[in-house]
Amino acid sequence: MSLVPPVPELKPEWLAGEARHLAGAGGLTFYIDDDVLTYSSDGTTIEARVGEDSGETAVRLSAQAWNDLVGQMRTFVGLLLGDGLQMVRGGFEQLAPWEPALRCLHAGIPPYDPGRADFEGRDPSASFPADTDDAELADQLRVMGFLHITGVFTAAEMAAANLEVDSLASMARPGDDRSWWVTDDAGAPALCRLVYTTLRSPVLAELENDPRVRRLGTLLDPTLAVAPDRMEGSPVLIKVPGRTSGLSNLPWHQDCGTGGHAVFCPAVSVGIQLTGSSAETGNLQVVPGSHGQALRYGWQENADVPVVTIDTEPGDVTVHVQDVMHASPRPMGEGRRRTMYVTHYPAALWDHIGPGEALNDLVRNRTEEVASLQRATSPGPA
Ligand SMILES: [Fe+2]
């Protein structure tokens, strides 16, 4: 197999934009077992030269890790977390800007550009009542990469689900492999996520299999299916108030930020809003129309990028395509937003991820270490 994969069909402007952006970056060299390869930009295009060792930035990785990177199974962050990539020259700040260009060259993934975003006359901030017809909801989700549907579940249904969450939370302990923890502003461990919840709660399992959830999770693809026993099943997020250390407040990310894009995108996550959400309790932010694309490291500094903040009531549902850029910022008040995420995956997931396995196995018990790597990427539904 050739070291450099054939370049897929691209629109010329995709690569030209990245080449301009990387013109002063000085090249990136990969040491791949006994091979060496350098990518460089001349300001108009990006070239790969096998056998050349001229990058100002350089990394070392195995042929398997290289294949995972090229095959969209691992990202730079995912490889670093799994000790699959070592920096030889430069640091992560020099490496990360190359990722959109490489994803474009290796897999034809377009780099995101707000100038190319086309909302087709739709309102990115729109919410829809639960009786909106499927075609309208599917069009909004296809264009924006996310949806907000109001009044899907009753107050009584959400109260019953919250009692189950109370029960699971009371049994959770740091290191139990069924929960995520952070350090709160008083220095104490605080629960921020329960995972594999539907394997332990029949009430939550019923919610996971509810026809209203299935309808919203399969708007774009009727073959997508839930995975209760892998990929952390259906987790419940609990927003911890105050300043926390760890991954309670997820910075901007795509859910394939550590890897797995080739296997589980475009998976669709249905977020059941158990408590509702606001700036005070913690809410969800998205870049509308960013799904299926790669956002540049540091894109937040670009004032032209649109951002939508979604506030919800208990019983509302949010839906997001997993690689839409999204974030879960720090609650400005009492926190405690609870959301149950039921993700619907393509069939390929079951060929690659076994029972009890998840991309987040690398993350669950080291959220503070992982948080230090986060800026443009991070794991898990927000
Ligand atoms: Fe997420």
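**Exercise 1. Determine how strand 2 and strand 3 are joined, and what lies between them.**

Solution. Begin with the pairing, in which two strands count as paired if DSSP finds at least two bridges between them: strand 2 (residues 35–41) and strand 3 (residues 46–50) run antiparallel and are joined by 5 bridges. Helices (H or I, at least four residues) and strands (E, at least two) are DSSP runs, numbered from the N terminus. Within this pair, Leu 37 stands opposite Val 50 in strand 3. Next, look at the connection, where 4 residues separate the two strands of the hairpin and Gly 43 in the turn has a positive phi of about 95 degrees.

Residues are numbered from 1 along each chain as its sequence is written. The model is predicted, so that local features need pLDDT of at least 70 and side-chain atom pairs count only at pLDDT 80 or more, whereas totals for chains, interfaces and linings use all residues, and side-chain values use heavy atoms, with hydrogens and water left out.

**Exercise 2. Check the length of helix 7 and decide how its buried residues are arranged.**

Solution. The expected span of a helix is 1.5 Å times one less than its number of residues; for the 17 residues of helix 7 this should give 24 Å, and the end C-alpha atoms are 25 Å apart, which agrees. Buried means under 20% relative accessible area, exposed over 50%, and partly exposed in between (1.4 Å probe, protein chains only). The buried residues of helix 7 are Met 158, Ala 161, Asn 162, Val 165 and Leu 168. Seen down the helix axis, these buried residues fall within an arc of 120 degrees (taken from the directions from the axis to the C-beta atoms), so they line one face of helix 7. On the other side of helix 7, Ala 156, Leu 163 and Met 171 are exposed. The cover over the buried residues includes strand 9 (189–194), helix 8 (202–208) and strand 12 (268–273).

**Exercise 3. Identify the residues that touch the most other members of the largest nonpolar core.**

Solution. A nonpolar core is a set of buried Ala, Val, Leu, Ile, Met, Phe, Trp, Tyr and Cys residues joined through side-chain atoms within 4.5 Å. Of the 34 residues in the largest core, Leu 216 and Ile 272 touch the most other members. The largest share of this core, 4 residues, comes from helix 7 (residues 155–171). A second, separate core of 32 residues includes Trp 14, Tyr 39, Val 77 and Leu 105.

**Exercise 4. Describe the setting of His 253 and the polar contacts of its side chain.**

Solution. The side chain of His 253 reaches the backbone oxygen of Pro 251 at 2.8 Å and makes a polar contact with the side chain of Asp 255 (3.2 Å).

Methods:
Contact means heavy atoms within 4.5 Å. A polar contact is a pair of N or O atoms within 3.5 Å; within protein, one must be able to donate a hydrogen and the other to accept it, and residues adjacent in sequence count only if both atoms are side-chain atoms.
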